[in-house]
Each structure stands twice: as C-alpha cells, then as structure tokens.
Amino acid sequence: MQRLRLLAITCLMLLGLAVAGQRSLAADDTIKIGYIDPFSGAFASGGDASLKMFQFIVDYINAKGGALGKKFELVTFDDKLQPAEALIALKSVTDQNLPFVMSCVGSNVGSALIDAVNKHNARNPDNRVLQINCGQLATELTNEQCSFWHFRFTGSVEMRAVARIKSLPQSVKSVYLLNQDYLFGQSIEKDTKRFLAEYRPDIKIVADEFIPLMQIKDFAPYVTKIKASGAQSLLTGNYGPDLNLLLKAAVDAGLEIRFDTYLAHVIGAATAMGSAGEGRVTSVLDDHENIPSEEHNAEAEDFVKKWRATHDFMFIAVPSVTQFEMMVRAINQAGSTDAVKVALALEGMEQKDLFGATNIMRKDDHQLLYPYYEGVFTKNVKYDAEKTGLGWKTEFKTTVADETLPTTCKMKRPSS
Amino acid sequence: MQIGLISLLDGLVYGMLLFMLASGLTLILSMMGVLNFAHASVYMLGAYFAYELSRWVGFWPALIIAPLLCGAIGAAIEVWGLRRVHHNGHIAELLFTFGLVFIIGRAVQMAWGMLPMPYRVPASLDFPLFSLYGENFPAYRGFMLLISALMLLTIWLLLKKTRIGLIIQAALTHPSMVSALGHDVPSVFTIVFAGGSLLAGLAGVIAGNYLTTESSMADAMGPIVFVVVIFGGLGSLAGCFIASILMGMVQTFSVVMEWSFADMLRPLGISVSADDLLGEILTISISRIGPLVPYVLLIVILLFRPRGLMGTRET
Amino acid sequence: MSDTALRALPSRGPAAIAVRLWPWIAALLVSVILPWLFYDFQHGRQSGFMVSMLSQTGMMIIFALSFNMLMGQAGLLSFCHSVLFGLAGYSTVHFLNAAGAGQLPVPMELIPLLAGLSGLGFGIVFGYMACKQRSTAFAMITLGIVQLVTTAATMFHHFFGGEGGVKTDREIGISLFGLEYGQSIQVYYLIVAWMMISAVGMYFHTMTPLGRMANACRDNHERAQFVGYDPRIVRFLQFAVSGFYAGVAGGLFAITYEIVTFDAVAAPLAANALLMAYIGGATTFFGPVLGAILITLLQSGVSLMSNSWLVYVGVLFIAMVTFAPTGLTGIILEHAPIARAGLLRRLVVPYLRILLPGLVVLFGFVGVVELLSFLTIGMAQGKRLELFGRAVDIFGSAPWIASLACLLGGGFWLTRESRHFKRVWDGLTEVARR
C-alpha cells in the first residue's frame, strides 16, 4: 500500500510540474507581436524563411533600443496555411492581449484575418488588435477589402506589375503570359494586361495561359507550347514548385527566351535554375543584397554583411525593416500600444528605408509606398543567391511616384 | 504535328516515371491489400538519399545505393510495423502508413531543412541528346526512359522466370491459396514490400534531379499514383503499365488543348458566358483542367468496371 | 457494442430511463459548463481560444460521428466526406449572405438545418456515383471525388470564391431567441445544441432498419443480398443520411469562422475524420466523440506548442493501430467483464506501475524530438528552446543525456512493467470469466 501511495504522489508531482510549466508566463516587459504563419507541413518553408528574417530584424531593432524602452518579441502561431486555423490562432493572440498580429504567407489567410480582425475589434472594443501584413500581396486587401486595422508593409500585385512592365526592355515585342489559376495568379494576369495596355501597347500578348495551382509535375509540354508560340519573353507570376519546375524544364529543353518573372528571387528558384538562368531571368524585387554595393550605401552594406554572416540565403525583407522602424516611431508617438493611437500615428507616416528612399504609409488605404527594383540573375555580383555563384543585379528602379496608384478604398474609420 | 511528336515523348517520359512509382504500389496493394500512403514518402526519401550520397560518392553509386537503402527501409517497415498491424485489418494498416507519412515528412525537414535541395543532373548526362524542331531533348530524359525500360524488363523477367516470381504472381491473385500450399507468405510479403519500396526509391533518385527535391514532393505525387494503380486494375502489372502511359499522355496532351465545352456547343448555336457556375465550367479550357482528367477517368472506369482496366479480380 | 452494454441494464421504469440517459445528460452538462472553467476573470471575458477550440471540437464530433455512419456502421471507407462537409459550408455562407440581405427569412438557429439539407443533396449526388461500388473501389471513387472537388474549388469563382474562399457575417439579425451571435460563446451554445440534436439523431439512426441493414451489409453483403435487400441502395441511403449530418457540421463551421475556403473540402479533413473515428473506436457509437476531442486538441492545441506536432500525431497513430486496434472506447470496453466481476480495483496498482514508466518514456521522447528539431530548425529561426516550462541549453550535454536516458531506460522499464501488467490482466479476465 505504501508503494502505491508513493507512486501516486510521484505521478501527481509530475503532472503538477507539467501544468506549472505551461502556466509560467514570460515577464511583461516586451512588446509582443503575434506572428501567424505556416510552420509545419508542406508549406513550412515559407514561414520558416520569413521567421528567420523577422527574428534578424527584431534583433536589429532591439539593438537600437526598441520602442518606449521595451524590446520587441515575436510569439509564433502555426496556421498550416489554413484560414480556419489562422482564426483560432488569432483568438489565442487576443486572449493574451497581444497588441499586434502579423502574417506574411497566403493572401487567403490575410483576407480571412482582415475580416476577423474587423469583427473582433468591433465586438470587443476593449481588446483591439492591429494587423500587420508583411507579405500577402493580393491587391484587394487594400482596395475593396481595406480596413482601418490593417497595414500592408509590402507591395501589392498592382505595384509589382507597374515595375514589371516599366522595366521590360524596348526590344521585347511579344510576351507569353503564364500564371497560376487562383486568386493571386489571376490578379497578376489582370494587372499585367492592364499595365501592358497602358505603358507598352506595342507589345503583343501571344498567349494568356493559366495552369492549375501546384498540380503540374512535368512542365515540358508547356515549354513546347511556349517554344511554338515564338514569344520573346515569358511573363509569369508563378512561385514555389510551379516556378522552379517551369524554369527547370525550360532550361533543360534549351528554351532561349527571356524569363520575366515576378517571384524568381524567392527561395528555391535560384537553386532550380542554376547557371542556366544567367542573364535571361529577371525578377521584380523589394530589394536585394547587392543594392548597397551598387549604391555605395555603407550602413545598408553593414546590415547585409551581418545577415550573411549567420544565414546562407538572400535577405529580401527591407520593407519589413521599414515596417519595424515605423512601428517604433508610431508606438513612441502614441505613448502606448493602443491600437487606435498607433494606427493614427502610422497613417501618412514617412520613413527613410535602409537604402535612403522615403517610404510613405498612405493614409487612404494603409498601403506602404516604396520604390521597386527590377533585377537580372547574373554572375559577377557581390552576394550570390543560394550558393549558385549567381545573384541579382539591378537593371531598373521605379520611384515612389511610379508606385503611387489610385485606390478604390473606402475606409470605415472608428468614431472614437 | 511538331507539338504532337514532342508531347508524345514528354508523355512517355512522365508515364514511365509514374509506372516506376506505381508498379511497386500495385504489387503491394494487390498482394497485401495495403493502401500504402507512405509509398510517395519513400519516393521522397529516395531523392534525398540520392542527393546526400551524390555529394559524397557521386551520382552513379548513389543510383545503386539509394534505392537499396529505400528497399531496406521498406523491409524494416514491413517486418517491424505492418506485420504486427496486419491482423488488425486494412484500415489499421492504412493508418499505420498515414502515421509514417507524417513522421517521414518531418524527419526529412529535420535532417535536410525546408528548402529545396540543389540535387542536379550529373554533368555526364547534362547535354542535349538530339534536337527536334529546334527543341532540345535532354540526354537525362533519355536516361530516365532507359532506366525505366530496364526496370520493366527486370520485373518481367523476375516474375516470369524465377520461382519467387511465380509465387508472387500466384499470391497476386490467390493469396490464401498460396498460403494453403505451404509457401511462406509473410516473407513473400516482406520481399514484395521491400521491392516496391526499392522501386519507389529508384523513381525518387532519377526524378529528384529532373523535378525538384523538396519536402513537399511526396504530397504532390501521392494521389496520382493511386489513380494509376486503381485505374490499371489490381493484380495486373500490364494494366498498371498501360494506365501509367495513358495518364502521362493525358497530362501532356491536355496542355495543348485550348478549346472548352463552350466551343463545342458553339456550332450548335448555343453560346455560353462565364457569368454563373455552369457557365464557368463550360467556358474553362481543357488545358486549365488537365490535372482533373485522371480523376474523372478514374471515377468513370470504376463506375463501369470496378476491377479497373485489366484487373484480375474485384477490388 | 454499446447496445450490449445497455441491454445488460434494467430496461423498465424511470430509474432505467435515468440510467440510459445519463451519458447524454452528462455530456450536455459538461459541454455547457466547460467554457466557464476557462473564464478569464482578470479581464472579465471568455477565453476566446478555449471557446474556439470547444466549438471546433463540437463540430468535429458531429463530423466524426457522421463519418462513422459510413466506416463503423456500413464498412465504407470514404475519402470524400470532407466534400459533403465543405460544400454544405459553402452553401451555408451563401444562405447567410442571402439572409443578411433579407432575401432568406430563416432564423440563425435553423441555418444548420438548411446546411444539413444541402449536405443531404450533395450526399445524394456523390452517393449515387460512389455507392455503385463497395470496398476498395468505393474508397478510390471517393478519393477521385475529393481531388476533383478540391481542384474545382480553387478554379471556379462564383460558388467557391477561388482560393480566397467566400466570406459572410453571421450577425444576420434574425433569431428565434433574439440573439445577435456576435460573441463566440453564443455560437458555441448553438453548436452544443446542434451537436446534441445530431448525436441523438444519429444514435437513433443506428436502431432504424436502415442502420441495421447497413451493419448487415458491412458484415456480409452477399448474405444481405440473399435475404432480399439491395446492398447498393442501403449504401446509398446510408451515404445520403450521413451527408445530412456532415452538412450540419459544415454549416456550423461556416457560422463559426464566417469564411469557408477550399481546405474545408480537401482530403486532409476527410483523413482527420478517419483518424477521429478510428482512434476513438469505430466499433462503438461514442468512439468518434473521444477521437474528435483528442485530435482537435492535438491539432489546434499541441500544434501551438510544438512545430513537430505531426511527429507526435504520427507516433500516436502507429501506437494506436499497433497496440489498441479497437480504439480508446475499445480499451475501455475491454474492462467491462472485469468491472462486472468487481475486480477493477485490482487494476489500479498495475496501471500506476505502467503509467510512471509511460510518462518517463513520453518525457524522453518529447525531449529528443524537440531537441533534434530545435537543433536543425528552431535554432536557425532564432527561437529559444523551452521544454516543460524551462529554458534549455541545446549545447549542454545534460538535456540530451536526460532525454535519451528517459527514452531508453523508460522504454526498458515500460516493457518489463507491461509484461507484469499483462500477467495481472490475463489473470483477472480468467477470474472474471469463471
């Protein structure tokens, strides 16, 4: 019997330890940001890469002193790229009274979050939360769907399309459009056609094709089709496996045309194309690591050097650095992390980014306006991408004025 | 015409790749009745192993060693896992392989990280074999065709000419009878499962650098392989072969078809706009719904012929 | 099997009714009280996360039970159950939007009924296709259907809204009780109500001639045919009815999240239903309820604590199918003969004796997995490793040694103790049988 009691007590103690472990909350001396992205399953690579960059940025900002004397801290939540899971995670964020919720991957998740944050803030005025969008690109999010509680610190599809079309060389006269058949791909196709008509009416669209999202394993038939069409350039918004496999198949088949992409700088594509992509793959970039040396910017160069010392993939999140710098100023100005006050402080804010350009957080639709770069994948650059020996070199740069596009946003602002 | 010929070659390459994956699954499913969802995970392991090995010992040894490793893993799974679960029924076996999918997926991420691997075609095979209407046919594709043809020949010889092959063939159609005749069916099961995993691993080795090697590659291949196996019919390698080639062709040829159902209706004087759901379905072009075609084919064939194309018994 | 348990009880009089009803009443009471246990007194509000989890559990219970109408009762392995759930969810969003615009005067409380009816409709359509076949062919047709519908959901915009899904606002302003349904706790109680209604409905379904014939066709479809029933019609009807309940669950999903995307029709959700039913125990009526609770906890709870949660899920499946093929309820029911013989008390000590090494093994396993995954993934993400509530130094040898020792030593201890347990168990069942 004695033995039984001993066992029972040990078990209870173990259980107690486990429970106590869960209850131990970190001290409240940091500004916490709930960060919702996919961290497990097939899409984990997207969340993984963003998290690495954000952790680096947070360390950089904290080293500068943080906001209100407090440091920033990321609290991660796994949404498995499913809107329903993201909404459960949002509940967790608001339960813990975190003032900010941030999400980068998947416009569908972003759109679901905007809706949920609107409803939450309306239904719980004492526990409001601000949504920071760091990578969900669908133009709708700051147009039809725009919200006072949502700030986008990344370019919309529209803004990317402007840079994409303006940077096409005059020699290109015919393009082949190939996009993924879903929300993002369709809006890329729409905006590409719109700006082609506006800026480059001389270019002929020889084909306008959609592929089913993430379903194609062998792109060889498409390459054959592109070849047969005689287009000078393949204009595509594909990303992930759909881009990597397409580039690989095209390279293997010896398709000698330009690849004017939207997202070839995203992780994985450089590995897929290798040296065969040299000189003919271009992409529209928020930034790349060779800009500092191109523009002789010592401070930015230092930043990149520090990144490269600890990471072996490309840093492409300068707007997110700007995001944190703006947040620091807004929180200091508001004197607290109150959602309304910080939001009002962020509106219309101007901030110099790492490369010295002035970025504007537009008040009308809460979209960050900043210049875009168009780069070519080439040799002889200071920092290469994914150990391929090749990296991105700027060919073209838009201005903030180029990127200031009309918005259809009719924002509902809180009365209080 | 030129597109037709090139598409034919492309479809053949893809179909043979499918066959390499599906042949192992056909053997496993027909003999053991296991819906092995982990088959595609073993395929992924094959690619990762080949990448890792080719860094140390080069591509050619990797081509041999990686599939053998996968075969050994398959044997281990059968002996220490499936055999114990077998008497709990088919759904238990299915869930067992489900569990394996999760574990292998995460293990690969833990071992190699989340990014795609720079697993490349070996330099000795990285040249255009011939040029057709100005489009290169890479030597590596020819190599893939060669390997899969060799594999087909080997399986055929093994099944037709060896004693174990005869037992396997018999066990494909009448497993209980074979057991009643006193053959050691469990060890035949192990051999088949290991062999199937070996083939999946081989497919991974030669597809990993032709396609991309990343942690989501198993999810991408999983469903289509099942379609091939069921479409071809249980117990029939020939059916599996025909189904693989057919699915390969369907995938490649649907890409070049630009017309939609609405185009077919137009001569009849019916015009459709994409304003509602039905209109949308009718106006979408075949090339956009290409990947759906295998599933439609599967449903249609099972509705009218539940044993599949050349199946020897009811599924 | 629950029937046999019930049959052993007194069958007449008010006492008998109370005995028969107690699981239902207890379930109702627990689900009503549960959210208040997590009430956040500091801020004077419900814990939103817990309410969400509980709501999710509630709808998953309906979904898993309806799935088990196919797997457990009719022996049909369906991979397209999520299609019925998701399509009904999409329909519900359209119903809610219509109701919000004043075109559909249906009170909120009855919207799940509409969802169920649309689920029934989709069940009839897909059931007609799939139920022509049985066994593997059936499973494969459903696999085809789920892939077909998932891809279609990302392609067609008018009904599915493409990848972004369709959204709605549940505050439609029509309610039988004058409720707004703004707060999620109100929605939770709506879910509880529908969960009870559906569970009772499905329970009574098992006793109808159709439910019995489904069992017969599962066990021996040829014999059922000889007796004069057409197994195909039985399968079809069973499929359609289970579609109704899946539809109710889908409707509640739409109401809770106010958005439905293609994930709601996709295969992983159907796989989840399969896991819930199997792990809970497909041979009993209540098994899937346990399974739904456990899987939802794992999926939404554990996944927030560890990004390696899929490993734990995988290991759980493998352990379950290897050691407990009848599921959780199966394990519980195996105690019935011992309990009837009044010997249950004698199992307490052996249970505690395997619990302790079991916990040690669990501790060691979690430690090893987390340390490994931190070493290769977490560290590069710049996180800090916390295990069991304390910060851990990954490069120190102590956590590695402790975890490995727990895993190996505990494993050795566990095998010894489980041998002992088996001896005691066999002895007791022997006594109970006598």
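The C-alpha centres of domain 1 and domain 2 of chain A are 29 Å apart in this predicted model. Domain 1 of chain A comprises 28–155 + 315–369, while domain 2 comprises 158–285 + 372–402.

Let me turn to the interface. Domain 1 of chain A contributes 15 residues that are in contact with 11 residues of domain 2 of chain A. Between these two domains of chain A, about 1200 Å² is buried, and carbon and sulfur atoms give 70% of that area. On the side of domain 1 of chain A that touches domain 2 of chain A, two or more residues each come from β12 (358–361) and β13 (368–369) of chain A. By class, that side of domain 1 of chain A holds eight nonpolar residues, six polar and one charged.

How many salt bridges does the rule find across the interface of domain 1 and domain 2 of chain A? The count is zero. For polar contact, the count between domain 1 and domain 2 of chain A is four residue pairs, both residues at pLDDT 80 or more.

I come now to the backbone angles. A:Asn380, which is not a glycine, has a positive phi near 55°. A:Asn380 sits in the loop that runs between β14 (373–378) and β15 (391–397) of chain A. Its relative accessibility is 75%, so A:Asn380 counts as exposed.

In chain C, Glu258 also has a positive phi, about 60°, without being a glycine. C:Glu258 is placed in the loop between α11 (231–257) and β2 (259–260) of chain C. Is C:Glu258 buried or exposed? C:Glu258 counts as buried, because its relative accessibility is 6%.

Conventions: Residues numbered from 1 in each chain as written. Chains lettered and ligands numbered in written order. Predicted model: local features only at pLDDT ≥ 70, side-chain atom pairs only at ≥ 80, totals over all residues. Heavy atoms only, no water. Domains from an automatic or database assignment. Contact = heavy atoms within 4.5 Å. Buried area = accessible area lost by both parts, 1.4 Å probe. Salt bridge = Lys/Arg side-chain N within 4 Å of Asp/Glu carboxyl O. Polar contact = N/O pair within 3.5 Å; in protein donor to acceptor, adjacent residues only side chain to side chain. Helix = DSSP H or I, 4+ residues; strand = E, 2+ residues; numbered from the N terminus. Nonpolar A, V, L, I, M, F, W, Y, C, P; charged D, E, K, R; others polar. Buried < 20%, exposed > 50% of the residue type's maximum accessible area, 1.4 Å probe, protein only.
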